[in-house]
Structure formats: C-alpha cells, structure tokens
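Reader: I have a protein structure to look at, and I would like to learn how to read its features one by one. Could you take me through it slowly?

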Amino acid sequence: MTTRPRYPFVWLGVPLGMILLFAFGPLAALLFGGAVANALDCSMPISAASQTCLFMGVDLATALTIAVFCGYLAFWTLPTGSTLLGIWLVAAVIVTSVWWFRRSRAA
C-alpha cells in the first residue's frame, strides 16, 4: 500500500515568509517610525538625531533616524525581493506540478 504524498506547505511557506520579510521589512520599519514620530509630534528627517523626540523621558530621535535609514534600504530590498519572489513562484509551480503528478500516480 502506497501513501499519497503530502503537499510541501512548510518547504514553500518558510521561504515565502523570509522573502516577504526581507522585501517589506525596511519599508515597515520606516512606516512604523513615521507613525511613532507623528504620534509624538516630532519631525523625522535624516538629521532628526540633532533634535529631541521625547517619549516618557526617553529620547527616540536616534531610533527614528535608524527607521529613516531602513526606509532607504527599501530601494534595494524591494527590487531584490520581487526578483526572489519571481524565482520562488517558478519553483512553487514546479513543486506543485511534481506533487500533483505523483499524487495522481499514487491514486
């Protein structure tokens, strides 16, 4: 008795999550930093470290500057991530086709 092959959700899902995190992580950091700066009524230019942005007595200006820098990293990670996503899509189509072929042969 042969068992039907299971679909490789983990083998396709983990790389997809890593690619999406790589591609959209810097943009998410920029948007989160902008939301924090807007909520605290602070300016968020790249030279924000010279100004103070206080939250409960802690200066967040350096963290907001890092968030802006992460936003500049998105100019590199978004195109690279979209290319990796295209490669992942081709691999997912091949894996799904092989899985479907093996499943039909096992039945």
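Author: Let us begin with exposure, where a residue is called buried under 20% relative accessible area, exposed over 50% and partly exposed in between, using a 1.4 Å probe and protein chains only. Asp-41 has a relative accessibility of 71%, and therefore counts as exposed. This is a predicted model, in which local features need pLDDT of at least 70 and side-chain atom pairs count only at pLDDT 80 or more, while totals for chains, interfaces and linings use all residues. Residues are numbered from 1 along each chain as its sequence is written, and side-chain values use heavy atoms, with hydrogens and water left out.

Reader: Where is Asp-41 found, and what is its phi?

Author: Helices (H or I, at least four residues) and strands (E, at least two) are DSSP runs, numbered from the N terminus. Asp-41 is found in the loop between H1 and strand S1, which covers 54–55. As a general idea, most residues other than glycine have a negative phi. Asp-41 is not a glycine, yet its phi is positive, at about 55 degrees.

Reader: What can be said about the phi of Met-56, and is Met-56 buried or exposed?

Author: Met-56 has a positive phi of about 55 degrees although it is not a glycine, and it sits in the loop between S1 and strand S2, residues 58–59. With a relative accessible area of 75%, Met-56 is exposed.

Reader: How many helices and strands does the protein have, and what pattern do they follow along the sequence?

Author: There are two helices and two strands, and reading along the sequence gives the pattern α-β-β-α.

Reader: How do H1 and H2 pack, and at what angle?

Author: For such a packing, axes are lines fitted to C-alpha atoms, for helices over the stretch in contact, and angles run from 0 to 180 degrees between N-to-C directions. H1 and helix H2 (residues 61–106) pack at about 160 degrees, with their axes 8 Å apart. Angles under 35 degrees count as roughly parallel, over 145 as roughly antiparallel, 65 to 115 as roughly perpendicular and the rest as oblique. H1 and H2 are therefore roughly antiparallel to each other. A crossing is left-handed if the near helix is turned anticlockwise from the far one by less than a right angle, and right-handed if clockwise; the crossing of H1 and H2 is left-handed.

Reader: Which C-alpha distances involve Gly-25?

Author: Gly-25 is found in helix H1 and, at 24% relative accessibility, counts as partly exposed. Thr-77 lies in helix H2 and is buried, with a relative accessible area of 5%. Gly-25 and Gly-71 are 46 residues apart in sequence, and their C-alpha atoms are 9.1 Å apart in space.
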